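The sequence and the structure are shown first.

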Amino acid sequence: MVIRDIQTTDLKAIHELINSAFLSNESNEINVFVSKLLTASVSPSIKATVAEINDEVVGFISCSPIYVDSDESLTGYILAPLAVSPSHQKKGIGSALVNYSINVLKENNVDVLLVYGDPDYYNRIRFRGYVADYFVPPYRLTYPAGWLGMMLSERCLPNHSVKFNCVEALKNPDLW
C-alpha cells in the first residue's frame with residue numbers, strides 16, 4: 001500500500017470511492033463537500049491523502065483547518081471525510097490514513113485534531129470525547145457522541161469552551 005498526497009488526477013477516483021463507501025443519499029452530499037473542499041484555497045492548507053494498492057485509490061482522507069475565535073495561538077484541524085473502498089475495509093487502511101494524517105499535522109505543529117464520526121472506530125485510534133467537549137462546533141450535532149478530538153501537541157486543553165469556524169465547504173448544517 002502507498003499513502004500519498006492527492007493529485008488533481010485523483011478526483012474522479014476519489015468520487016468513485018465515496019460512491020462505493022457511503023449510501024447513495026450520503027455519497028452525493030459528501031461528493032459535493034469534497035469537491036468544494038479540494039478546490040478551496042485556504043490557509044493553512046487542507047491536507048488530503050489517498051491510499052493506493054496496485055495503482056488503485058482504495059482510501060481517502062482529508063483534514064481542513066479550523067479557525068479558533070478566542071485564542072488564535074491554538075491551531076486545529078477537523079478530519080472529514082475518511083473513506084475506504086468496501087472491498088478493502090477492515091484491513092487497516094483507514095487507520096493507516098488517519099495515523100499518516102496525524103503525523104503530518106504534528107509535523108506542522110497543529111495542536112488539536114477533531115472528528116465527527118463513529119465513536120467505536122475513532123476511540124480505537126485515540127480520539128476522545130472529553131477533548132472535543134472543549135471545542136464548540138459551528139452547528140448543532142445530530143449525534144453528539146460522535147464529536148471527538150485528540151491533542152497533537154504538548155499544549156494543555158483550554159480551560160474554557162472554545163468556539164471555532166471552519167472552511168467554507170464545511171459550512172453546511174446537513175454535514176453536522
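Two strands are said to pair if DSSP finds at least two bridges between them. Helices (H or I, at least four residues) and strands (E, at least two) are DSSP runs, numbered from the N terminus. This is a predicted model, in which local features need pLDDT of at least 70 and side-chain atom pairs count only at pLDDT 80 or more, while totals for chains, interfaces and linings use all residues. Residues are numbered from 1 along each chain as its sequence is written, and side-chain values use heavy atoms, with hydrogens and water left out.

**Strand β5 and its partners**

Strands β4 and β5 pair in the parallel sense over four bridges. Within this pairing, leucine 114 of β5 is the bridge partner of isoleucine 78. Between β4 and β5 the chain passes through helix α3 (residues 93–107), and this β-α-β crossover is right-handed. A crossover has that hand if, with the strands pointing away from the viewer, the path from the first strand over the helix to the second runs clockwise. Strand β5 is also joined by five bridges to β7 (residues 147–151), and these two strands run antiparallel. Here valine 112 stands opposite methionine 151 of β7.

Strand β5 (residues 112–116) is mostly covered, with four of its five residues buried. Buried denotes under 20% relative accessible area, exposed over 50%, and partly exposed in between (1.4 Å probe, protein chains only).

A nonpolar core is a set of buried Ala, Val, Leu, Ile, Met, Phe, Trp, Tyr and Cys residues joined through side-chain atoms within 4.5 Å. The largest such core has 32 residues, of which Leu114, Phe135 and Trp147 touch the most other members. At least two residues of this core come from each of α1, α2, β2, β3, β4, β5, α5 (129–132) and β8 (162–166). A second, separate core of 23 residues includes Val98, Leu105, Val110 and Phe127.

Contact means heavy atoms within 4.5 Å. When residues up to four places away in sequence are not counted, phenylalanine 135 touches Leu74, Val112, Leu114, Trp147, Pro158, Val162 and Phe164.

Helix α1 (residues 11–21) has Ile14, Leu17 and Ile18 among its residues, and these three are buried. Seen down the axis of α1, the buried residues fall within an arc of 100°, so they line one face of the helix; the arc is that of the directions from the helix axis to the C-beta atoms. The buried residues of α1 pack against α2 (24–39), β2 (47–53), β3 (56–68) and β4 (76–84).

**Individual residues**

Serine 64, in strand β3, is buried at 0% relative accessibility. Not counting residues up to four places away in sequence, serine 64 touches Leu37, Ile46, Gly76, Tyr77, Ile78, Val167 and Leu170. Histidine 88 lies in the loop between β4 and α3 and is buried, with a relative accessible area of 14%. Leaving aside neighbours within four places in sequence, histidine 88 is in contact with Ile53, Val58 and Ile93.

Asparagine 99, in helix α3, is partly exposed, with a relative accessible area of 29%. With neighbours within four places in sequence left aside, asparagine 99 is in contact with Ile125 and Arg126.

**Cysteines**

The structure holds zero disulfides, a disulfide being a pair of cysteine sulfur atoms within 2.5 Å. The sulfur of cysteine 166 is 14 Å from the closest cysteine sulfur, in cysteine 63, which is too far for a bond. Cysteine 63 is buried, with a relative accessible area of 1%, and cysteine 166 is buried as well, at 4%.

**Backbone geometry**

Most residues other than glycine have a negative phi, and most peptide bonds are trans. The table lists exceptions in this model.

| Site | Feature | Value |
|---|---|---|
| Serine 43 and proline 44 | cis peptide bond | omega about -5° |
| Alanine 80 and proline 81 | cis peptide bond | omega about -10° |
| Asparagine 109 | positive phi | phi near 60° |
| Arginine 126 | positive phi | phi near 80° |

Proline 44 is in the loop between α2 and β2, whereas proline 81 lies in strand β4. Asparagine 109 occupies the loop between α3 and β5 and is exposed, with a relative accessible area of 61%. Arginine 126 is in the loop between α4 (119–124) and α5 and is partly exposed, with a relative accessible area of 45%.
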